[in-house]
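Here's a walk through one protein model, helix by helix and then loop by loop. Keep the structure open while you read.

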Amino acid sequence: MVLLCALLRYANDAEAAALAPKVFSLAWASGAYHLRFAALGMLTGIRSTATAATAAAVTELLDEVHTDDPFVSTALVDALHIYGKISSPCNVRDITQEIRLLLADPQHPNAHARAKGILVSRFEDVIAAPFTEAVEALEPAERIALTVLAVREGDTSFFTDVFLKELIRSQDPAALPAFRYWASHLELQDPFRQSAVGCHLLGIEGCATRLAAPPPLLADHAGKDADAWRCYGQILFWLSRPGLSGEERTLRCAPLWDDLTTRLLDAAVDPFHQFPYAAQFAQDIRTSALGRIVDAFPSQTRTVLHHALTSPERLTSLFSLPLRQERGTFVMRLLARSGDHSSLPLLRTYLNHPLHSAAAADTIRDLNNRIAENR
């Protein structure tokens, strides 16, 4: 039944859509959470191809169903909305008035939460339209001010990284307080690690567009693991700082790499492992923080990665759950990008490893191919 719901959802055919009401009735009667969720997704998916008769049958069914499950309820609301059964209770005039009040009193205790709620509401299909219209009608400076209010504090949930990217693209100096906040924060307990790491790195990149030197980084953390993160943060800052020559960047980053490849070597591997969480949605890894650091400093990167292969038991992490089993495979994959002849003997020692043998073999092949191409 789940497979049938998926097939009908993407069939893009009116005759297939006509089967949806019957399939939905059977799926809902099962009481199974995953099947109800799939069936509601099917109904939203067929809306554009459903005939008037099919849409009327679906609407009649939706009027009769109820659920207390929060996720199924969300899907049900989306289906009711797309079939015209409910509409946003909000209006542009009231939202605009709310924005004016926020911008007039940005120090109000609830200003951050209210501003973020307005911006996030643009991504909630049922209520999105008036919020989108109100925000898009703002003057550029007003929109920047509202976005800064939304991300100048708080946590990484609900599109914080999206808003930080908007602020970086704006190149508006008013965004600096938000960038400073996230450069100094890394939410270690955030269940969505990609957002926590991404917001921290975006804060650093944003600061680089406005400051002559790195701001305080990870002020709430101490120890060698935090020092390693700070070193990488400063390296990213200098790579992101406009107007610097390659020689200037190398000169400023040299003492940072000296620390990372000596006294901080045990702590230097894990930040590399965490950076891909922020890079996984990047259109091009070469423009991500990870790609830029690796490509700018391949020799130093190799030193860190080689240490990960020779002394995995010594590696430490700022995170309480560093995902050690995944780390070895990640290190090998990254060596395919930054390794050289000296990496091959270390990789060969893993060819019979119970967890990493496949990654070692793939990396050796990729590395040999890259070396051959560069001859």
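Which residues of α4 are buried? The buried residues of α4 are L35, R36, A38, A39, L40, G41, M42, L43 and I46; buried means under 20% relative accessible area, exposed over 50%, and partly exposed in between, with a 1.4 Å probe and protein chains only. Helices here (H or I, at least four residues) and strands (E, at least two) are DSSP runs, numbered from the N terminus.

Before going on, a word on the ground rules: this is a predicted model, where local features need pLDDT of at least 70 and side-chain atom pairs count only at pLDDT 80 or more, while totals for chains, interfaces and linings use all residues. Residues are numbered from 1 along each chain as its sequence is written, and side-chain values use heavy atoms, with hydrogens and water left out.

The buried residues of α4 are covered by elements including α1 (2-9), α2 (14-17), α3 (20-30), α5 (52-62) and α6 (70-82); contact means heavy atoms within 4.5 Å. R36, one of the buried residues of α4, also lies over the face of W28, at 4.1 Å from the ring centre. For a charge to sit over a ring, NZ of Lys or CZ of Arg must be within 6 Å of the ring centre and within 35 degrees of the ring normal. R252 does likewise with W238: its charged end sits over the ring, 4.5 Å from the centre.

In α10, the buried residues are I144, L146, T147, V148, L149, A150 and V151. They pack against α7 (92-104), α8, α9, α11 and α12. Zoom in on I144, a residue of helix α10, which counts as buried because its relative accessibility is 12%. Leaving aside neighbours within four places in sequence, I144 is in contact with L167, S170, D172 and A174. I144 and S170 are 26 residues apart in sequence, yet their C-alpha atoms are 7.9 Å apart in space.

How do the lengths of these helices check out?

**Cores and rings**

In soluble globular proteins, nonpolar side chains tend to be buried together. A nonpolar core, as used here, is a set of buried Ala, Val, Leu, Ile, Met, Phe, Trp, Tyr and Cys residues joined through side-chain atoms within 4.5 Å. The largest one has 87 residues, and I235, W257 and F272 have the most contacts inside it. Helix α14 gives the most to this core, with 10 residues. Another core lies apart from it, with 28 residues, among them I46, L76, A79 and L80.

As for I235, the residues it touches, not counting those up to four places away in sequence, are C253, L256, W257, L260, I293 and F297. W257 and F297 turn up again in an aromatic cluster, together with W229, Y232, F272, F275 and F319. The count of aromatic pairs comes to 13, where rings of Phe, Tyr and Trp (its six-membered ring) pair if their centres lie within 6.5 Å; planes under 30 degrees apart count as stacked, over 60 as edge-to-face and the rest as tilted.

**Loop residues worth a click**

Most residues other than glycine have a negative phi. Q171 has a positive one, near 55°, and L218 has a positive phi near 50°. Q171 is in the loop between α11 (160-170) and α12 (176-183), and it counts as exposed because its relative accessibility is 57%. L218 lies in the loop between α13 (193-208) and α14 (224-240), and at 0% relative accessibility L218 counts as buried.

S121 is in the loop between α8 (111-120) and α9 (128-136). Is S121 buried or exposed? At 11% relative accessibility, S121 counts as buried. Beyond its neighbours within four places in sequence, S121 is in contact with I127, A128 and F131.

Lastly, R314 is in the loop between α18 (298-310) and α19 (324-338) and, at 45% relative accessibility, counts as partly exposed. The side chain of R314 makes a polar contact with the side chain of D266 (3.4 Å). A polar contact is a pair of N or O atoms within 3.5 Å; within protein, one must be able to donate a hydrogen and the other to accept it, and residues adjacent in sequence count only if both atoms are side-chain atoms.
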